[in-house]
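Keep the model open as you read.

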Amino acid sequence: MTWLAITDHTDRRLSLRGLGHEKRATPVIADSPHEELHRGSIVFEAQVSEDSKPQVLFGYTNPHPNHRSLVFQAIPGGGVAMVHVQGDKIAHAAIAHKNAGRAEVLRLTYAWDTKYNWGRLTLEQAGETMVTSVAVENPLPLTLDDLRDLMLGRGQQDYAPDMVFAGLSDQIEPIGPGPTLSPDTPIATPWGYRNAGTLKRGDTVYTVDGEVVPVLQTVSRSVPARGSYAPIRMRAPYFGLQDDIIIAPEQHVVIDGPEVEYLFACESVLTPARHLVNGFAARTEPCGHLVSYTQLILPNHEPVLAGGAAVESLYIGRIRRDTHQLASSVMFGVDRNDLPEHKAPSHKVLKWYEAIHLARRRAA
């Protein structure tokens, strides 16, 4: 798996050998304008609302010598449409956001493999478990010229203000729940703290309640260090931390204390780390183009101690029952019989406005 390009409002990068720590010794495709990428994924995040007007979010158009274009457009109702044109060939798909409401950051993944005449457009909402996918019939390959027009902004390119970032991979990128801990995050085990990236199936860890549970699986992934993947540094001694840890914005952190009991009538709650960023206890972490994350799959997605802070392990729901979704996820290749079924979180998961209100009370 190699990320070839990343673009946002401040920077555009494309390397045929790959970006960051994924750089290869040889190019993924030859440096020729008409060389084609027959398999890959375009992943981007944008803010889309239910009442948004039709607008092009991301795409390019090249009318000469033959019309070539790839356009992703926001449509009324909070959905996104894709149209890919190469001369007289057209591939298209549209996908609706079923829970559209206020403007939310959506992640779109367009994956294709022309060898198998297979394509898929997927919509996810950052921090949510629902995944919506539609098939893209007769997908078309992208030439190197197409990729440069799209990712580097050459010629007639659209990149809306609502866009957060876009990335290009030469592989079919997984969809659904993903890892959210830096591999060097210290996790409490019966043998002391061990880095999350060194744990494997059969190891045991301590839960927040002091129980010892087995690690059923570990998953890892490298992603663009942008948007809902941009790393956050949780700083000691806040949140019970003994050392700073690096986590993804969607990592759930367990928060307790008198404010929680007063506001939510429960001992503890879960909140995504992105809602805790305040410049001192938690802040965005500068890094390169890519970031690597790992996570543990435990029997009941129990919270574990990461550097002293209580954080939730990976929640996968009942994905083992859905063969297609399992094969499309970061758990591809794992025997479904080796995976648990997770009930709904035992702690209340705060909405964005609840988390912000709690953070303000704690800062007061």
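Which residues have the most contacts inside the largest nonpolar core? They are Leu57 and Phe58, in a core of 38 residues. A nonpolar core here is a set of buried Ala, Val, Leu, Ile, Met, Phe, Trp, Tyr and Cys residues joined through side-chain atoms within 4.5 Å. Buried means under 20% relative accessible area, exposed over 50%, and partly exposed in between (1.4 Å probe, protein chains only). A second, separate core has 29 residues, including Ile187, Met234, Phe264 and Val269.

This is a predicted model: local features need pLDDT of at least 70, side-chain atom pairs count only at pLDDT 80 or more, and totals for chains, interfaces and linings use all residues. Residues are numbered from 1 along each chain as its sequence is written, and side-chain values use heavy atoms, with hydrogens and water left out.

Start with Leu57. Leaving aside residues up to four places away in sequence, Leu57 touches, among others, Phe44, Val48, Phe72, Tyr159 and Met163. Contact means heavy atoms within 4.5 Å.

Now turn to the rings. The structure holds eight aromatic pairs. Rings of Phe, Tyr and Trp (its six-membered ring) pair if their centres lie within 6.5 Å; planes under 30 degrees apart count as stacked, over 60 as edge-to-face and the rest as tilted. Phe58 and Phe72 are stacked, with 6.3 Å between centres and 15° between planes. Phe58 sits in strand S5 (residues 55-62) and Phe72 in strand S6 (residues 68-75), so the pair ties together parts 14 residues apart in sequence. Strands (E, at least two residues) and helices (H or I, at least four) are DSSP runs, numbered from the N terminus. Phe58 is buried at 0% relative accessibility, and Phe72 is buried at 0%.

Charges come next. Arg12 lies over the face of Tyr159, 5.3 Å from the ring centre. The criterion is NZ of Lys or CZ of Arg within 6 Å of the ring centre and within 35 degrees of the ring normal.

The whole structure has 21 salt bridges, each a side-chain nitrogen of Lys or Arg within 4 Å of a carboxyl oxygen of Asp or Glu. Arg68 pairs with Asp146, the closest N and O atoms being 2.9 Å apart. This pair links strand S6 to helix H1 (residues 144-152), 78 residues apart. Arg68 is partly exposed at 22%, whereas Asp146 is buried at 2%.
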